[in-house]
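I opened my notebook and the viewer side by side today. Here is what I looked up, entry by entry.

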Amino acid sequence: MKKFMSVFLVSIMSLTLAAGCGKTPAETPGSAEKIGTKDNPVKVSIITKDVSPKEEDVKKLVEQIEAGLAKEEKFVKIEYLEPPAGAYAEAVPLAFRTGQISPDIIYFQGGDIPISNDGMLEDLTPYIEKSKNLKNILENHTTEKLKNYPYLLWPAAARVSTPVMRKDIADKLDSYKDVVENPTAENYEKMFKEIVDKKLAKYAITADGDLTRLDSVFNHAFGVTATVIKEDNKWVFSKATKFEKDKLEYYADLYKQGLIDPEYITKKWDAMEKSFYEGQSAFVAATAGKVIDIYNNKMIQTQGKGAELVVLPPAKGVSQGYQSVDVTKESRGFAINSQSKVKEAAFAVLDFMAGPEGMKLDKLGIKDVHYTEKDGKIVYTDKFKEWWPRFFETINKFEPQPALAEPIMAKPALNSLEEAKKYYKQDVNVIIPAELTPQWDAMRAVYKEYASDIIRGVKPISSFDEFVKKWNEAGGNEFSAYLEEKLGK
């Protein structure tokens, strides 16, 4: 009896140790080999912007995803939910937080920080580490964002504005070659002046209400290399430094010469685009990739094939790069509900859409509806222009089989993505805490007032010192301790 009990206890201990030494694949985030069964698929609910379960394209998309996952022995039943009424960025977080909706996968376009702080969103790190596809398509900036904030997933090229102009205008400029070969701020100014002097456009530059687009071209040249920089061994916001002052002085000079559209401060995006398409302004910066693709196609429709866009490099000086990319967190993306009972299945859907079959579906649509295969090539149908990706923007490692008969984007758009990678710079920034948000809003209001007045000549550049004083009074001084806490001494 004693011998039997000893053997029994040893067996129990061995089983206990074995159970504690590791988890089954289904228990380890992101590593499930099988999910559900053909007769009993796992239900996964999704809510995302502008995607309705009533759309025929969405119904077909769901069928294709389910079929693709079934080949991997992952049986799911996808249900898209209608977003609650109201502005998506406000209505969805509120409805989720109050329990009005509780999808397994939820797309956020803001409003996620309080929710993640309450533990309502799943940490995606272990899922991505074990993923089959997602970890292979993420670019450096996305990986960094996930390290800092592991709740939102948005595989996409870095959101950077690249400057473009029409090729037919560029070909008429003696200064264009100098900008391409040596893009100093001085050479850019010469090119802008030549555009206006030759009456190739009324203004060289246009924008839509602020300096974001221009800053993407000129920030680094003047030393504005990050949102927060070290000055006199202290962390400060770059907007209140001598580097920003030098940049604003340059903009003011361009404005004085009539090179910047005087309505840039009041123009909305549609008026800015109209000005560009109709040739009133010759130069604009826009988001690399799809937006440049849209601009290029519309420009050719408006001005003819010779008006294809060319992508220009960022100005060089103190540094060279397009706008520094904030990696504190994603501003939007997909999250998994931490209370979901089907997290593995939910992540399996996202991971599938990052794989070859999923990306092909997401980017190209439904075979024999949005594209066909002819002579060993993928050929777009007339309905292709009606399709848009419901999941991820990225085309990183998108290599469909068979090959595309024509590129997924026009050459200028693809060039803009390559240039964005070439001149990629990582930002130094912090998440603005709720208790300092009023101060931050006041600081930005002071900046906008002084920046626009200095550029338009309403205030002299010497008023920048007055601006710094007001900036600090509005909240800059209160941020000092917070910046040191987050970034170190």
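**Entry 1: the second largest pocket.** I looked up which helix gives the most to the lining of the second largest pocket, and found that H4 does, with four residues. I noted that this is a predicted model, where local features need pLDDT of at least 70, side-chain atom pairs count only at pLDDT 80 or more, and totals for chains, interfaces and linings use all residues. Residues are numbered from 1 along each chain as its sequence is written, and side-chain values use heavy atoms, with hydrogens and water left out.

Helix H4 covers 113–117, and helix H19 (464–487) also supplies at least two residues of this lining. I wrote down that helices (H or I, at least four residues) and strands (E, at least two) are DSSP runs, numbered from the N terminus. The pocket holds about 350 Å³ of space. Its lining counts 18 residues, and Ile113, Asn117, Ile431, Pro433 and Tyr482 lie nearest the centre. I sorted the lining by class and got 12 nonpolar, five polar and one charged residues. For the classes, Ala, Val, Leu, Ile, Met, Phe, Trp, Tyr, Cys and Pro count as nonpolar, Asp, Glu, Lys and Arg as charged, and the others, Gly among them, as polar.

On a 1 Å grid over the protein atoms alone, a pocket is an open set of points with protein on both sides within 12 Å along at least five of seven lines, while a cavity is a set of points where a 1.4 Å probe fits but cannot get out; lining residues have an atom within 4 Å of a point. Grid points are joined across faces, edges and corners, and a volume is the space filled by probe spheres set on the points.

**Entry 2: the cavities.** How many cavities of 30 Å³ or more does the structure hold? I found two. The largest cavity has a volume of about 40 Å³. Its lining includes Ile205, Thr206, Asp210 and Tyr264, and by class it has eight nonpolar, one polar and one charged residues.

The second largest cavity has a volume of about 30 Å³. Among the residues that line this one are Ile205, Thr206, Arg213 and Phe283. Helix H11 (212–218) and strand E8 (281–287) are the elements that give two or more residues to this lining.

**Entry 3: helix H16.** Is helix H16 (residues 356–364) mostly covered or mostly open? I found it mostly covered, with seven of its nine residues buried. Buried means under 20% relative accessible area, exposed over 50%, and partly exposed in between (1.4 Å probe, protein chains only). The buried residues of H16 pack against several elements, including helix H2 (56–71), helix H15 (343–353) and strand E11 (371–374).

Pro356 lies in this helix. Pro356 counts as exposed because its relative accessible area is 68%. I also checked Pro356 against Val342: they are 14 residues apart in sequence and 24 Å apart in space, C-alpha to C-alpha. After the helix comes Gly365, whose phi is positive, near 90 degrees.

**Entry 4: some loops.** Most residues other than glycine have a negative phi, and most peptide bonds are trans. With that in mind, I went looking for exceptions.

- Lys199 has a positive phi of about 55 degrees, and I found it in the loop between helix H10 (185–197) and strand E5 (203–205). Lys199 counts as exposed because its relative accessible area is 72%.
- Asp232 has a positive phi as well, near 55 degrees; its place is the loop between strand E6 (228–231) and E7.
- The peptide bond from Gln401 to Pro402 is cis, with omega near -5 degrees, and Pro402 lies in the loop between E12 and E13.

Why does Thr241 count as buried? It does so because its relative accessibility is 1%. Leaving out residues up to four places away in sequence, Thr241 touches Ile229, Glu231, Val236 and Phe464, where contact means heavy atoms within 4.5 Å.
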